[in-house]
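The sequence and structure come first.

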Amino acid sequence: MRVVVLGTGALGCLFAAHLAAHAEVWMLGTWAEALAAVERAGICIQEGERSWQTRVQATGDPDAVPPADVAILVVKSHQTERAAAWAARCLGAGGLAISLQNGLDNGSQLAAAVGEGRSTIGVTFEGATVLAPGQVRHAGRGPTLIGETPATAPGVARLVKLLQQAGFEAQATAEIEAIAWGKAVVNAAINPLSALLGVSNGELLANADRRSLLATLAQEAAAVAAAHGLALPFFNPVARVEQVCRATALNHSSMLQDVERGRPTEIDSINGIIVAEGKRLNVATPANETVWRLVRGR
Ligand code: KPL
């Protein structure tokens, strides 16, 4: 099987390196330093005390990639349009493209580029941090859930098997929209607050003001999901967000890392979509709108 991973950041390196023993893997991206490092020395993964290296093909040219069976998008949301167009160019007949990104609008962009029956979304709870271009720390393990429909089921089954062979806890699900919204509820609360306050996820629980803001953001986002008719994969959004803060206490959220590095954030694809959907469905989201504007303003 041939897999192209679009994105050379933390998750891109993590998935590409683990899949390399079981498939022909290509990495496709725009981060020149990462592409050069992977071409020169392969991908380096740090897992606990152990460090290991593996070789994959790396390129910035979508036309250099032979027709792929699977395209995995792990780029930041603002890069989705280009990555989706590249996925459409790389995918062979019968191939499947999957978005494993944060945010709520990546799947529709991918489907528009490659076709509804050839694309899906997934949610991964794997954690990875970039140490240097082409080098990542596998920071935490968790399930990777892949959405399936009758049209995508055969491709999803092949991908799930491949991910399991590569050591990932992968599973197909028909409930991916609710799972993706569940993750977005958590991201809508933790990511902008940590980015605006400049604190780790655990420090968001340090006082009543922070906890109150976290709770309001999560409750608003969950109300929008409910108005959508989705049953979230947890009963209490506030308890869920606080649990994730404790479980990832030392993490700097991806949005805080983006702000610290002066890179565009994923605020539009998380809180921005929640605000827009709230307006469409008549659900008030004043706290989400405020943090959305604050992060954009910053
Ligand atoms: O997904 C995350 C992110 O930072 O984007 C969480 C779960 C908040 C962990 O940091």
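Which residues does Arg137 touch, not counting residues up to four places away in sequence? Arg137 touches Gln46, Gly127, Ala128, Thr129 and Leu131, where contact means heavy atoms within 4.5 Å. The model is predicted, so local features need pLDDT of at least 70 and side-chain atom pairs count only at pLDDT 80 or more, while totals for chains, interfaces and linings use all residues. Residues are numbered from 1 along each chain as its sequence is written, and side-chain values use heavy atoms, with hydrogens and water left out.

- Arg137 is placed in strand β10 (residues 135–140); helices (H or I, at least four residues) and strands (E, at least two) are DSSP runs, numbered from the N terminus.
- Arg137 counts as partly exposed, because its relative accessibility is 37%; buried means under 20% relative accessible area, exposed over 50%, and partly exposed in between (1.4 Å probe, protein chains only).
- From C-alpha to C-alpha, Arg137 and Ala36 are 19 Å apart in space, and they are 101 residues apart in sequence.
- Met27 is placed in strand β2 (residues 24–28) and counts as buried at 0% relative accessibility.
- Met27 and Leu217 are separated by 190 residues in sequence and by 36 Å in space, C-alpha to C-alpha.

**Aromatic rings**

- The structure holds one aromatic pair; rings of Phe, Tyr and Trp (its six-membered ring) pair if their centres lie within 6.5 Å, and planes under 30 degrees apart count as stacked, over 60 as edge-to-face and the rest as tilted.
- The pair is formed by Phe15 and Phe168 and is stacked, at 4.5 Å centre to centre and 20 degrees between the planes.
- Because Phe15 lies in helix α1 (residues 10–19) and Phe168 in the loop between α5 (153–165) and β12 (170–173), the pair ties together parts that are 153 residues apart in sequence.
- Phe15 is buried at 1% relative accessibility, and Phe168 is buried with a relative accessible area of 4%.
- Arg82 lies over the face of Trp86, 5.8 Å from the ring centre; a charge sits over a ring if NZ of Lys or CZ of Arg is within 6 Å of the ring centre and within 35 degrees of the ring normal.

**Helices α6 and α7**

- α6 and α7 pack with their axes 9 Å apart, at an angle of about 150 degrees; axes are lines fitted to C-alpha atoms, for helices over the stretch in contact, and angles run from 0 to 180 degrees between N-to-C directions.
- That angle makes α6 roughly antiparallel to α7; angles under 35 degrees count as roughly parallel, over 145 as roughly antiparallel, 65 to 115 as roughly perpendicular and the rest as oblique.

**Helix α10 and its partners**

- The axes of α6 and α10 come within 9 Å and cross at roughly 115 degrees, so the two helices are roughly perpendicular to each other.
- α6 passes α10 in a left-handed crossing.
- In this contact, residues of α6 including Trp181, Asn187 and Pro192 meet residues of α10, among them Ile270 and Ile274.
- Asn187, in helix α6 (residues 176–197), is buried at 9% relative accessibility.
- Beyond four places in sequence, Asn187 touches Asn102, Pro192 and Ile270.
- Helix α7 (residues 208–227) and helix α10 (residues 268–281) have axes that come within 10 Å and cross at roughly 50 degrees, and α7 and α10 are therefore oblique to each other.
- The crossing of α7 and α10 is left-handed.
- This contact is made by Ala221, Val224 and Ala227 of α7 with Ile274, Glu277, Gly278 and Leu281 of α10.

**Loop residues**

- Asn282 is in the loop between α10 and α11 (286–297) and is exposed, with a relative accessible area of 74%.
- Asn282 has a phi near 65 degrees, a positive value in a residue other than glycine.
- Gly42 is in the loop between α2 (32–41) and β3 (43–47) and is buried at 5% relative accessibility.
- Gly42 and Thr54 are twelve residues apart in sequence and 5.3 Å apart in space, C-alpha to C-alpha.
- Leaving aside neighbours within four places in sequence, Gly42 is in contact with Ala37, Thr54, Arg55 and Gly134.

Key. Left-handed = near helix turned anticlockwise from the far one by under 90°.
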